[in-house]
Amino acid sequence: MSKREIKLGGFGGQGIILAGYILGKAASIYDGKNSTLTQSYGPESRGGACAASVVIDDAPIDYPQVIDPDVIVVLSQEAYGTYAKNRPKKAVLLIDEDLVELKNEPQEAKILAIPATRYAEELGRKIVANMVMIGFIVSTTGVISADAAKQAITTTVPKGTEKLNLNAFERGYQHGQQVMQRL
């Protein structure tokens, strides 16, 4: 695998930073790769804009920021407007289809959608939408292995919530497999 750059965006309270942390942890600890995580927040702690940037590479990483994203994940309309507008043509855009309305997308754009928040609500906790999205990212892009993601989730989430978070991951992973079969 060559270098992969992932940008995640949403609003505070959606677990964007945790999702980036889990992706980086899975890559570096369980897949044996190098990874970096950088993060940014808006002025509000909950509801303000936030983003996580993850770089994953087999080789040492010289610069920790995402410059040329391969994958852009957006869980809010504001993140879509900020990170998806001028994305590289090669970038795959992953969206929460219930929270992001696409506008003027070119025909050739690579866009994959999942109702991540709705799936999380069906599982009983809206807060696990980020884990649904991690499953979707893994199954559609292969940036990390599913086993590494599951290990990172299990060792990161609060004790007693492992099963819920893994169920959310599986829901997103299964949806991603269905999407990829249709392509």
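Modeller: Start at Asn-130. A polar atom of the Asn-130 side chain lies 3.2 Å from the backbone oxygen of Gly-15. That is a polar contact (a pair of N or O atoms within 3.5 Å; within protein, one must be able to donate a hydrogen and the other to accept it, and residues adjacent in sequence count only if both atoms are side-chain atoms).

Biologist: What are the ground rules for these values?

Modeller: This is a predicted model: local features need pLDDT of at least 70, side-chain atom pairs count only at pLDDT 80 or more, and totals for chains, interfaces and linings use all residues. Residues are numbered from 1 along each chain as its sequence is written, and side-chain values use heavy atoms, with hydrogens and water left out.

Biologist: Where is the place of Asn-130?

Modeller: In helix α4, residues 129-141. Helices are DSSP runs of H or I, at least four residues; strands are runs of E, at least two; both are numbered from the N terminus.

Biologist: Why does Asn-130 count as buried?

Modeller: Because its relative accessibility is 5%. Buried means under 20% relative accessible area, exposed over 50%, partly exposed in between (1.4 Å probe, protein chains only).

Biologist: And which residues does Asn-130 touch, not counting those up to four places away in sequence?

Modeller: Gln-14, Gly-15, Leu-18 and Ala-19. Contact means heavy atoms within 4.5 Å.

Biologist: New topic. Where does Val-100 sit?

Modeller: In the loop between β5 (92-96) and β6 (110-114). Val-100 is buried, because its relative accessible area is 6%.

Biologist: Which residues does Val-100 touch?

Modeller: Leaving out residues up to four places away in sequence, Val-74, Leu-75, Ser-76, Gln-77, Tyr-80 and Ile-95.

Biologist: How far apart are Val-100 and Leu-18?

Modeller: 20 Å in space, C-alpha to C-alpha, and 82 residues in sequence.

Biologist: Zoom out. How many helices and strands does the protein have?

Modeller: 6 helices and 6 strands. Along the sequence the pattern reads β-α-β-β-β-α-β-β-α-α-α-α.

Biologist: How much of the protein is buried?

Modeller: Buried residues make up 48% of the 183.

Biologist: And contacts between residues at least 6 apart in sequence: what share joins residues at least 24 apart?

Modeller: 59% of them.
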